[in-house]
Amino acid sequence: MSTALGIRKIPIARPSFSEREERAVVDVLRSGWVSQGPRVAEFEQRFAVYVGAAQAVAVSSCTTALHLALLAAGIKPGDEVLCPSLSFIATANAIVYAGAVPVFVDIDKRTFNMDPACIEASISPRTKAILVVHQIGLPSPLDEICRIAASHGLAVVEDAACAIGSEYKGRLIGSPYTSMACFSFHPRKILTTGEGGMITTADEKIAARLRKLRQHAMTVSDLARHSSTQIVTESYDEIGYNYRMTDLQAAIGLVQLERLNEMLSRRRQLAARYSHGVAKIQWLAPPFEPADCRHNFQSYMVSLKNNAPITRDQLMQELLDRGVSTRRGIMAIHRELPYRAQNRSDQLPRTNEVTDTTIVLPLFHSMTDEEQDYVIACLEEISALARSRDTEKIKTS
């Protein structure tokens, strides 16, 4: 492969850590308390304040957060929960963990989020909840979805894995639009603790139940027992789970939370630069941002238009040959083996189209303008080469 550009290595993502995170971890190691403890409690309190929620409950991942949230919402075996197929498979898996059945709803092609107009047709007597996904950080139309849910007596839980710092109608995702919102702190997320998750809610009773379930349904937490001046004996009144976050993770999270606005600002700046560059390539479409939303650009995903001179997978390979890592657009869960039996592919035409025609470009806090300019230049070069090949075919045909 020959190229006019010098080949660089650009990763799809890279977590942003400073010496402050390192010092925070060392402080926890020296404290002697590394499991769920005072740092977790502090992280929960500060996270709740940041998003504007009354309560926040830290757990081991967003997947476990979704599982506990569905249980706290009253989901039982045999119930149906509506969700998009265009999402990471954990969205549907969490529903199955609760013993329920995921029912896939098609999306709005512009936003990649669940289309409210498709919800009613998917509701059955067994439907008990809607699991809303804010895909790649862009908020879903919560008002419309919540109105539909209320008219049918359905719970609404938010899969906000990618949505920290995103805004819907002037309010941060995680403030009490719905009963619960679940966040991820995976390394590809804007705020990371290595692994980890958080559930926000306005309901103190729900928060108390979540805290109990995450720790084997123990009636008294480790922190409360070890802090007590009296002998305390806990009991276990139901089946619970080991979904705890550690103080090591929370210490990182506390520093990341302090840096979050700075990281969000840089990502939005990089996204704007991408959109300016992508606009020059007529067969690529930049992401859409509704007027009532503010995207955090957890990921920057572009769509190939019908007139693209190259397939999605060919484009990804061409970029990889130039040292630029990408990822396919969001997966379609209904195509994966555990969920094919639902046979809903013909009811999800927009999901099928989007998953086949989108790619995620590199975007991370420490990305330099020069690195991003290289990615854009690679796209322009690939476009020019693809167009010239098309021209040659026409001449020789």
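The structure is a predicted model, in which local features need pLDDT of at least 70 and side-chain atom pairs count only at pLDDT 80 or more, while totals for chains, interfaces and linings use all residues. Residues are numbered from 1 along each chain as its sequence is written, and side-chain values use heavy atoms, with hydrogens and water left out. Helices (H or I, at least four residues) and strands (E, at least two) are DSSP runs, numbered from the N terminus.

We begin with the interior. In soluble globular proteins, nonpolar side chains tend to be buried together. A residue is called buried under 20% relative accessible area, exposed over 50%, and partly exposed in between, with a 1.4 Å probe and protein chains only. A nonpolar core is a set of buried Ala, Val, Leu, Ile, Met, Phe, Trp, Tyr and Cys residues joined through side-chain atoms within 4.5 Å. The largest such core here has 46 residues, and F43, F47, I119, I130 and F183 touch the most other members. At least two residues of this core come from each of α2 (38-51), β1, β3 (101-105), β4 (127-133), α5 (142-152), β8 (180-184) and α8 (247-278). Another core lies apart from it; this one has 37 residues, including C62, L71, A155 and I333.

Contact means heavy atoms within 4.5 Å. Not counting residues up to four places away in sequence, F183 touches F47, C62, A160, A161, A163, I164, I173, G174, G196, G197, M198 and T200.

The glycines G196 and G197 are also touched by S61, again not counting residues up to four places away in sequence. S61 lies in the loop between β1 (55-59) and α3 (62-72). Is S61 buried or exposed? S61 counts as buried because its relative accessibility is 15%. Its side chain reaches the backbone nitrogen of T63 at 3.3 Å. This is a polar contact, that is, a pair of N or O atoms within 3.5 Å; within protein, one must be able to donate a hydrogen and the other to accept it, and residues adjacent in sequence count only if both atoms are side-chain atoms.

Helix α4 (90-97) has the buried residues A90, T91, A92, A94 and I95. An α-helix has 3.6 residues a turn, so residues three or four places apart point the same way. The cover over the buried residues of α4 includes α3, β2 (80-84), β3, β4 and β5 (155-159). After α4 comes G99, with a positive phi near 85 degrees.

On a 1 Å grid over the protein atoms alone, a cavity is a set of points where a 1.4 Å probe fits but cannot get out, and a pocket is an open set with protein on both sides within 12 Å along at least five of seven lines; lining residues have an atom within 4 Å of a point. Grid points are joined across faces, edges and corners, and a volume is the space filled by probe spheres set on the points.

The largest pocket holds about 710 Å³ of space. Its lining has 29 residues, and F88, Q135, C162, R188 and K189 lie nearest the centre. α3 gives the most to this lining, with three residues.

Two cavities of 30 Å³ or more are found in the whole structure. The largest cavity has about 80 Å³ of space, and of its 13 lining residues, R14, P15, K189, I190 and R267 are the closest to its centre. The second largest cavity has about 40 Å³; among the residues that line it are I12, R188, R267 and Q298.

Finally, several loop residues deserve attention. I136 lies in the loop between β4 and α5, and its phi is positive, about 45 degrees, although I136 is not a glycine. At 6% relative accessibility, I136 counts as buried. F297, in the loop between β11 (293-294) and β12, is another residue other than glycine with a positive phi, near 55 degrees. F297 counts as buried, at 8% relative accessibility. T311 belongs to the loop between β12 (300-304) and α9 (312-321) and counts as partly exposed, at 42% relative accessibility. T311 and D356 are 45 residues apart in sequence, and their C-alpha atoms are 9.1 Å apart in space.
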